[in-house]
Amino acid sequence: MKILVYNRKNSEVWTSAVRNAFPDADVRHWVEGDCHDWLADYAVIWQPPAAFFQQQTQLKAVFNQGVGVDSLVSLESLPADLPVFKLRGVGMEEYMSDYVTYGLLHFYRDFDLYRQHQSDKQWQPHRIAQKSDWTVGILGLGVIGKAVAEAVSHLGFPVIGWSRSEKTVQGVNCVSGKEGLDHLLRESRVLVSLLPSTPSTHKLLNQETLTKLPEGGVLINGGRGDVIDIEALQVLLKSGHMRGAMLDVFEKEPLEDSHPFWNNSKVMITPHIAAPTPVAQALEQIVADIALIEQGEMPPAIDKSLGY
Ligand code: GLV
């Protein structure tokens, strides 16, 4: 079996992990311009350039090294009939739950205010709010969104979850469609976006939709940056309609030096670290998926037309 790996920044980590997981396979790392006559059966990749699929014409399946497949499905060279598999959690749901919990508690327990008070040398306690007044709205109820919704619900916060097709999650008020989104926005003190980047989520959170949040609303984005109209967010933070934001992802990463959010005390910025891929666990899924394919079965592939 021939497996081709591509990860521009972490080529060694991924290539040696794939070699360990498939000791009998011929495993190589793809370099643009190389491997012309070496055609792989499987690809384990992250954000390959378009040339990858122009050269690799014998692939039986592609495994994405992350959950989000936006950088793959946007490639015109990706053959329509080539099955693509994304990671289905593999522990990233726990990382994301921790990240969102941190952000939620930061604002709910007024740590944003206490940071400000400390720099002003101000000793000023605030009354602790009722959790029942802090509804958390979660956009996206895939493996990760569902785990986050359950974690936040276990903490005692009311949770509304929105997804394209209606889901059922224990302890979560699940909604869908335009009306469901409207309801979620009007009720949520904390809005958590875990949405993928697709044509229908692009700038979904804009001036009009974010204004529907109650006064003092908070945004946590652990999904994809282009779901948010960042200028609209900036305006709503400035006007005070929104209290703060914790942002892990941006339309263009790294966030440019000149961006005003770096110096905005209402915004917490992290460098796309909310839920990194645990490589060993990812390979457990990929090994199991390839074993199924080799037996003639099909693990759940992404739907390219939906983009996730
Ligand atoms: C990270 O952003 C991922 O898509 O896994």
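**Contacts, helices and rings**

Mentor: Start with His 259, which is in contact (heavy atoms within 4.5 Å) with Ile 230 and Gln 234, leaving aside its neighbours within four places in sequence. This is a predicted model, where local features need pLDDT of at least 70 and side-chain atom pairs count only at pLDDT 80 or more, while totals for chains, interfaces and linings use all residues. Residues are numbered from 1 along each chain as its sequence is written, and side-chain values use heavy atoms, with hydrogens and water left out.

Trainee: Where does His 259 lie?

Mentor: In the loop between strand E11 (242-247) and strand E12 (267-269). Helices (H or I, at least four residues) and strands (E, at least two) are DSSP runs, numbered from the N terminus.

Trainee: Is His 259 buried or exposed?

Mentor: His 259 is buried, because its relative accessible area is 8%. Buried means under 20% relative accessible area, exposed over 50%, and partly exposed in between, with a 1.4 Å probe and protein chains only.

Trainee: And which loop is Thr 198 in?

Mentor: Thr 198 is in the loop between strand E9 (190-193) and helix H8 (207-211). Thr 198 has 6% relative accessibility, so it counts as buried. Not counting residues up to four places away in sequence, Thr 198 touches Leu 306, Gly 307 and Tyr 308.

Trainee: Now a strand. What about Gly 161 in E7?

Mentor: Strand E7 covers residues 159-163. Gly 161 is buried, at a relative accessible area of 0%. With neighbours within four places in sequence set aside, the contacts of Gly 161 include Ile 138, Leu 141, Val 172 and Cys 174. The C-alpha atoms of Gly 161 and Gly 145 are separated by 8.2 Å, and the two residues are 16 apart along the chain.

Trainee: Different topic. At what angle do H4 and H6 pack?

Mentor: Helix H4 (residues 92-108) and helix H6 (residues 143-154) pack at about 45°, with their axes 8 Å apart. That makes H4 oblique to H6, since angles under 35 degrees count as roughly parallel, over 145 as roughly antiparallel, 65 to 115 as roughly perpendicular and the rest as oblique. Axes are lines fitted to C-alpha atoms, for helices over the stretch in contact, and angles run from 0 to 180 degrees between N-to-C directions.

Trainee: Which residues of H4 meet H6?

Mentor: Met 92, Glu 93, Met 96, Ser 97, Val 100 and Leu 104 in H4. On the H6 side they meet Val 143, Ile 144, Ala 147, Val 148, Ala 151 and Val 152.

Trainee: Last topic, rings. How many aromatic pairs are there?

Mentor: The count is 8 aromatic pairs. Rings of Phe, Tyr and Trp (its six-membered ring) pair if their centres lie within 6.5 Å; planes under 30 degrees apart count as stacked, over 60 as edge-to-face and the rest as tilted. One of the pairs is Phe 52 with Phe 53, edge-to-face at 5.2 Å centre to centre and 75° between the planes.

Trainee: Is Phe 52 buried or exposed?

Mentor: Phe 52 is buried, with a relative accessible area of 0%, and Phe 53 is buried at 4%. Tyr 6, Trp 30, Phe 52 and Phe 53 form one aromatic cluster.
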